[in-house]
Amino acid sequence: MADLRVLIADDDRGSRTIVSAMLQKAGFEVEAVADGQQAWDALQHPDRPALAIMDWMMPGLDGPEICRRLRAMDSSTPTYVILLTSRDASADVVAGLRSGADDYITKPPDQDELIARVNVGARVIRLQQALADRVRRLEEALSNVKRLQGLLPICSYCKRIRDDQNYWRQVESYIGEHSDVQFSHSYCPDCYERYVKPQIDELDNEMRNRKPT
Amino acid sequence: MTAPALDPAVLDTLRSLNRPGEPDLVEQVLTMFLEDSPARIEAMSTAIGARDAVQLQRAAHNLKGSAANVGATELQRLSADLAGSRMIDPCWPNVIPNRLLPRCAKS
């Protein structure tokens, strides 16, 4: 998933450089920052990175604090957070995950493990985006259905419908625009007798009356 | 025979991350390590002077991290000891001058 942008937040520039190099080698786009406040700011941008790798201990805001703040926000596509930490006691791991981190990697990171875990994150992000898209499409469809359920002014004679712009429209064009319905044009038996059959008869007569030249 | 100051496997990993047209990663990371370490050791000395265990542990933790980056295994181990130490050992201030600093100078 080369189009995934990853935020790296670490106050140690050596670690930052190495983790960036590992991700860039694997084809990820990287944005690196040196402290918690910069990380938090980067994650507030509209085109924020979808995945963040954050050091536990940073000046200002630490990794777990950023996780808690991120989780307090309501988002259909929350940032996937991997905590990077030299703390590997299980109590610390539990504290990190409880703060809202999705995963953790101990320092110094192993390249293969780092990339494998980032790919897990990428998979979760894709799933979240697909779900968010589906929910959005469902909501749109639902709002269309609601519009069709509303009161429609229809002409008693020609059966045209008045739309929001006070314009009288054919039933099929109105419904076609307000739903996913498509019309295939045909005729019912009554209209066949009333409209189609006379036209065919007329055509037959015309053919019969036509003298061969 | 003493172990090399820098773990060759760690340096090999760094080298494998080099990309064409980009500066050499081993050189970059080593330069950062050499530039940043004195301030960290200074911070440790200051913390010891002030008998500030929290600051000492923080500085030792930072040194441990950057030692790990370049594969300075022995330095990493010593700083890890210090980062995990508590002020229960009356001799704890001696850890730095006696054990850590000479090795840092050698590396």
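Colleague: What should I know before reading numbers off it?

Modeller: This is a predicted model, where local features need pLDDT of at least 70 and side-chain atom pairs count only at pLDDT 80 or more, while totals for chains, interfaces and linings use all residues. Residues are numbered from 1 along each chain as its sequence is written, chains are lettered from A and ligands numbered from 1 in the order in which they are written, and side-chain values use heavy atoms, with hydrogens and water left out.

Colleague: How many helices and strands in chain B?

Modeller: Chain B has five helices and zero strands. Its pattern along the sequence is α-α-α-α-α. Helices here are DSSP runs of H or I with at least four residues, strands are runs of E with at least two, and both are numbered from the N terminus.

Colleague: And what share of chain B is buried?

Modeller: Of the 107 residues in chain B, 36% are buried. Buried means under 20% relative accessible area, exposed means over 50%, and partly exposed is in between, with a 1.4 Å probe and protein chains only. As for contacts (heavy atoms within 4.5 Å), 55% of those in chain B with a separation of 6 or more are between residues 24 or more positions apart.

Colleague: How do H1(B) and H2(B) pack?

Modeller: Helix H1 of chain B (residues 8-16) and helix H2 of chain B (residues 25-49) pack at about 120°, with axes 8 Å apart. The axes are lines fitted to C-alpha atoms, for helices over the stretch in contact, and angles run from 0 to 180 degrees between N-to-C directions. H1(B) and H2(B) are therefore oblique to each other. The cut-offs are under 35 degrees for roughly parallel, over 145 for roughly antiparallel, 65 to 115 for roughly perpendicular, and oblique for the rest.

Colleague: Which residues meet there?

Modeller: Leu11(B), Leu14(B) and Arg15(B) come from H1(B), and Leu25(B), Val26(B) and Val29(B) from H2(B). By class, that contact has five nonpolar, no polar and one charged residues. Ala, Val, Leu, Ile, Met, Phe, Trp, Tyr, Cys and Pro count as nonpolar, Asp, Glu, Lys and Arg as charged, and the others, Gly among them, as polar.

Colleague: What about H1(B) against H3(B)?

Modeller: H1(B) and helix H3 of chain B (residues 53-70) have an angle of about 75° and axes 7 Å apart, so H1(B) and H3(B) are roughly perpendicular. Val10(B), Leu11(B) and Leu14(B) in H1(B) meet Ala68(B), Asn69(B) and Val70(B) in H3(B). That gives five nonpolar, one polar and no charged residues.

Colleague: Changing topic, how much area is buried between chain A and chain B?

Modeller: About 1600 Å², with carbon and sulfur atoms giving 57%. Buried area is the accessible area (1.4 Å probe) that two parts lose on being put together, summed over both. The interface has 15 residues of chain A in contact with 19 residues of chain B.

Colleague: Which residues of chain A lose the most area to chain B?

Modeller: Arg13(A), Ile18(A) and Met57(A), together 33% of what the chain A side buries.

Colleague: Where is His61(B), and what does it touch?

Modeller: His61(B) is in helix H3 of chain B and is buried, at 15% relative accessible area. Not counting residues up to four places away in sequence, His61(B) touches Met57(A), Ser86(A) and Ala83(B).

Colleague: Is Ser15(A) buried or exposed?

Modeller: Buried, as Ser15(A) has 5% relative accessibility. Ser15(A) lies in helix H1 of chain A and, leaving out residues up to four places away in sequence, touches Asp10(A), Lys107(A) and Asn69(B).

Colleague: Then where is Asp10(A)?

Modeller: Asp10(A) is in the loop between strand S1 (5-9) and helix H1 (13-25) of chain A. Asp10(A) is buried too, at 2% relative accessibility. Beyond four places in sequence, its contacts include Arg16(A), Asp55(A) and Lys107(A).
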